[in-house]
Amino acid sequence: MTDAPTGPRHVAIIMDGNGRWAQQRGRPRLLGHRAGARRVREIVEACPDFGVEYVTIFAFSTENWKRTQAEVSGLMTLFRRYIEGEAQNLLKEGVRVRFIGDRVRLDKKLRDLMHWIEALTAHNAKVNLTIALNYGGRDEVARATKRLARDVAAGRLDPEDVCDETLPRYLDTHVLPDPDLVIRTSGEARISNFLLWQSAYAEYEFVDTLWPDFTRARFEEVLARYGGRDRRFGGVRA
Ligand code: IPE
Ligand code: IPE
Ligand code: MG
């Protein structure tokens with residue numbers, strides 16, 4: 001059998017650099033976030049062409065609340081507008097939308113919209129878009145552990161049966177495969193609390209492009225580099 005060049009099935013993206021993109025133009029940071037939101041459609045719609053079945057995007061971290069109240073509320077408004085404005089297009093394009101992260105801290109209007117678009121697109125299957133909103137990898141593992149502990153306390157789970165396949169069932173991502181490739185834009189080479197558990201064997205690509213400039217062509221270049229990588233998962237190549 002020949003090795004068919006296989007692309008990543010699940011790509012996760014840390015969409016970074018919106019603020020700097022705006023600053024370079026002498027414009028407010030929020031303008032960069034708006035430009036970033038417009039870029040999402042192009043990348044999501046490119047996924048089926050490149051064989052990518054799952055795309056997960058980091059939109060707001062559990063640490064992003066530290067930003068000014070104006071930026072945080074501007075982002076929350078942007079998320080609502082994104083859902084309202086993109087819903088029909090996402091439906092038409094066969095995109096199934098899911099959210100990961102802790103919804104408790106989000107306002108009710110936004111939570112209702114998130115639930116609405118998840119239900120609206122639940123029968124789509126062309127590409128799976130997961131939006132990480134108020135998401136932190138450590139927070140996710142902590143919340144998962146809480147639920148696991150409840151199951152133990154209630155006698156539904158034997159602590160002796162807990163293994164590395166148990167915890168993922170409690171994570172927000174329990175229905176998703178692990179990411180094969182994690183891309184971070186804007187030149188920063190760090191994870192910033194994204195998909196900590198799930199990315200144990202992901203390949204990483206750190207690109208200098210700021211997120212609002214990350215075009216389909218840039219995406220294709222990154223995917224091509226992934227094709228040249230040798231994923232061994234701790235083993236040795238035959
Ligand atoms: C990423 O862009 C989007 C969010 C974190 C919401 P940034 O806002 O972090 O942009 P930079 O890093 O300041 O340029
Ligand atoms: C990570 O970017 C979060 C998102 C892209 C939503 P940040 O800009 O918040 O990360 P740091 O602060 O540079 O690590
Ligand atoms: Mg940033």
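Q: Are Tyr-135 and Phe-194 buried or exposed?
A: This is a predicted model, in which local features need pLDDT of at least 70, side-chain atom pairs count only at pLDDT 80 or more, and totals for chains, interfaces and linings use all residues. Residues are numbered from 1 along each chain as its sequence is written, chains are lettered from A and ligands numbered from 1 in the order in which they are written, and side-chain values use heavy atoms, without hydrogens and water. Buried means under 20% relative accessible area, exposed over 50%, and partly exposed in between (1.4 Å probe, protein chains only). By this criterion, both Tyr-135 and Phe-194 are buried.

Q: Which geometry do the rings of Tyr-135 and Phe-194 adopt?
A: Rings of Phe, Tyr and Trp (its six-membered ring) pair if their centres lie within 6.5 Å; planes under 30 degrees apart count as stacked, over 60 as edge-to-face and the rest as tilted. The structure holds 10 aromatic pairs. Because the planes of Tyr-135 and Phe-194 stand at 90°, with centres 6.1 Å apart, the pair is edge-to-face.

Q: How many residues separate Tyr-135 and Phe-194?
A: Strands (E, at least two residues) are DSSP runs, numbered from the N terminus. Tyr-135 belongs to strand 4, whereas Phe-194 lies in the loop between strand 5 (181-184) and strand 6 (203-206). The pair thus links distant parts of the chain, with a separation of 59 residues.

Q: What is the bridge partner of Ser-61 in strand 4?
A: Two strands pair if DSSP finds at least two bridges between them. Strand 2 (residues 54-61) runs parallel to strand 4, joined by seven bridges. In strand 4, the partner of Ser-61 is Tyr-135.

Methods
Helices (H or I, at least four residues) and strands (E, at least two) are DSSP runs, numbered from the N terminus.
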